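Please keep the structure in view while going through the points.

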Amino acid sequence: MSKAAAPNNTSSQLQENRVFKPAKEFAGRAHIKSMAHYKKLWTESVTKPDKFWSAHAKAELVWQKPFKKVLQWKEPFAKWFIGGQLNVSANCLDRWLGTAYANKAALIWEGEPATDGKPGEERVLTYSQLHREVCRFANVLKRNGVGRGDRVILYLPMVPEAAISMLACTRIGAVHSVVFGGFSAQSVADRIQDSGAKMVITADGGYRRGAVVPLKKNVDDALKLQDAEGKSLTSTIEKVIVLRRTWNEVHMAEGRDVFWHRELDYVDDKCPPAKMDSEAPLFILYTSGSTGKPKGILHSTAGYLLGAKMTSKYVFDLRDEDVYWCTADVGWVTGHSYIVYGPLANGATAVMYEGAPNWPEPDRFWRIIEKYRVTILYTAPTAIRAFMKWGEEWPKKHDLSSLRLLGSVGEPINPEAWMWYHRVIGGGRCPIVDTWWQTETGSIMISPLPGATPTKPGTATLPFFGIHPEVVDDQGKAVPKNTGGKLVVRKPWPSMLRGIWGDPARFKETYWTEVKHSYFTGDGCRQDKDGYFWIVGRIDDVLNVAGHRIGTAEVEGALVSHPSVAEAAVVGRPDELKGQALVCFVTLKTGVHATPELKNELRNHVGKEIGPVAKPDDVRFADALPKTRSGKIMRRLLKQVAAGVEIKGDTTTLEDLSVLAKLTSAEEG
Ligand code: WT7
């Protein structure tokens, strides 16, 4: 573990004096209208958590059976709302039937535009229509042998059926695990193996920048993969359901693979929601850590839903008339909590877009905002920096006056990007909510409330209700204001992860041993004089590349699985667009020569092993990796080398890093 993080850079410090107060007319209509109101509620929520959560759980959720006890905390294992029963799909759908929301748009879907320049397809599903589709597909799942507690892998493009399959799983108590469409066959196989999934739901393909991503083909490949002993990784899979999206040719295995649309012929649209215990597993989502393969983060029913619902309502200040758009993919936790569960549990209208921000042109987002009169936009700093690079002329072509609130997530937002977002996209009038959270936290943890919290560019500001974060030193003691340290959370919260699937020891080790009696986030942070939290970024061996979380150990594992590679070390390098770029230092086996071809081959190899998102930006060959006397790779040093001047010309020559090691080993060894 690296040292506690240093204070933030000067450019953010300069911004500390720039304070943006919520406009009067905004605050006047907001759920939380003032700092005094926020502080009162927050204080109540952390001093009397049982009372606070009990009242909100009763008010926000529809229960099939009331809970008896709010929290049972046996560190690090929490159980929330014990004795209660409820169904997530019923909370997102059935509760709106027979109300004015029944015929309101739940999902507005915009497909990727066709290559010939025609606009994207469009589909709108009202609450009542979405309810019917979910019930029908839940019956398809049942018909194909899926029941309570069974794991189902979802490997789908960004189409309404992604949300429909998630909700259908929750309706019958099955546990979904969504795998991002940009992950490889190997990653799909690893997740099937780890979760013991019975079924894969996929599509013939998905569109990305005019090309077809062959999802079903990847699943076929995944289902053929074997371990070193020749044993199948995916023997638990009984059925594959295939959605027709692109209508490209796919292979269908007799008896195993069935088409979504054909299956619908056999079912009706009646499917009562299963009664699920509050703590019943809801979904598993794999995310990268600092060691080994990705871990299956487990979320459970009641606590997760309450967190997603309440944060959506208060952080995005949702109103009935809003058109809310979160640009994430459902393959990430942001898509789970803020495209599907949070908005639908609030009866909101959510936009879902299939394609890329710059296809066919860099104004794709702004076109969509103008077309649907989007009022709330939630996106990532890496996207904002790309828009800045593409130029103001693209947003300027469109009427963005419908926007009233902007959100940011995924990495620290640099003040320059914040200011641009505020001025160019928000027209200077929209509050920005910079929301800090993680796959593990389930919902937003630190964020402004837009009607109450004065914001400063670059800080996620203050904790959400019931959340008790602190910045601590290596001994776990809170540090004074304006001092860097580790970000921890002192108390359990309803939407916290319940564990790592199948690995309670790793759960304890990863999150609950670094700092005593606290959840360790892996992030470095500092609080300013107003108590605002300034997240610095990861201080473990996890990289954040364009908002995607990538474990260095995982990439190193992929590299050494290549026959030419002896050793590998992976570090991040600051990158203007992506936040961090992935730089790999590699030593080769005896007799293997460093060539530009090999460099490319290794990049592609990682892309194939993990997925295009993990493709290294740079592969550098070295004769030896700098190590401490105890044999630990000196990452700090490699980071400096990676961040230093690029070696011009033939970059494939071997770098003599062992020399550097000798120079510095005295200090680190
Ligand atoms: C890591 C979690 C939470 C959804 C997307 C990412 C970084 C996330 C912020 C923010 C600074 C942020 C942290 C965190 N992060 N949001 N607003 N400011 N950093 O989820 O893949 O689980 O990654 O993303 O480093 O630990 P994730």
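Which residues does Tyr-519 touch, not counting residues up to four places away in sequence?

1. The model discussed here is predicted. In it, Tyr-519 touches Gln-438, Glu-440, Thr-441, Leu-487, Val-488, Val-489, Trp-493, Leu-497, Tyr-511 and Trp-512, leaving aside residues up to four places away in sequence.

2. Tyr-519 is located in strand β24, which covers residues 519-527. Its relative accessibility is 0%, and Tyr-519 therefore counts as buried, the cut-off for that class being under 20%. The side chain of Tyr-519 also has a polar partner: a polar contact of 2.8 Å joins it to the side chain of Gln-438. As for Leu-487, 32 residues separate it from Tyr-519 in sequence, while the C-alpha atoms of the two are 8.8 Å apart in space.

3. Gln-85 counts as buried because its relative accessibility is 17%, and the limit is under 20%. A polar contact of 3.1 Å links the side chain of Gln-85 with that of Asp-277. Not counting residues up to four places away in sequence, Gln-85 touches Trp-63, Gln-64 and Lys-65, as well as Lys-275, Met-276 and Asp-277.

4. Helix α18 spans residues 552-560, and its buried residues are Thr-552, Glu-554, Val-555, Glu-556, Ala-558 and Leu-559. Against which elements do the buried residues of α18 pack? Their partners are the strands β26 (542-545), β27 (548-551), β28 (565-575) and β29 (579-588), together with the helices α19 (596-609) and α20 (635-643).

5. Turning to the whole protein, there are 21 helices and 30 strands. Buried residues account for 61% of the 669 residues. Of the contacts between residues at least 6 apart in sequence, 72% connect residues at least 24 apart.

6. On overall form, the radius of gyration is 24 Å, which agrees with the value near 26 Å that a compact globule of 669 residues would have. Along the principal axes, the C-alpha atoms fill a box of roughly 75 × 65 × 55 Å.

7. The accessible surface amounts to about 26000 Å², with 53% of it belonging to carbon and sulfur atoms. The protein carries 88 positive and 76 negative side chains, and the centres of these two sets are 6 Å apart.

Methods. Residues are numbered from 1 along each chain as its sequence is written. This is a predicted model: local features need pLDDT of at least 70, side-chain atom pairs count only at pLDDT 80 or more; totals for chains, interfaces and linings use all residues. Side-chain values use heavy atoms; hydrogens and water are left out. Buried means under 20% relative accessible area, exposed over 50%, partly exposed in between (1.4 Å probe, protein chains only). Helices (H or I, at least four residues) and strands (E, at least two) are DSSP runs, numbered from the N terminus. Contact means heavy atoms within 4.5 Å. A polar contact is a pair of N or O atoms within 3.5 Å; within protein, one must be able to donate a hydrogen and the other to accept it, and residues adjacent in sequence count only if both atoms are side-chain atoms. The radius of gyration is taken over C-alpha atoms; the globule rule is 2.2 Å times the number of residues to the power 0.38. Accessible areas come from the Shrake-Rupley method with a 1.4 Å probe; for residues, only the protein chains shown count as cover. Lys and Arg count as positive and Asp and Glu as negative; His and the chain ends are not counted. The place of a charge is taken as NZ of Lys, CZ of Arg, CG of Asp or CD of Glu.
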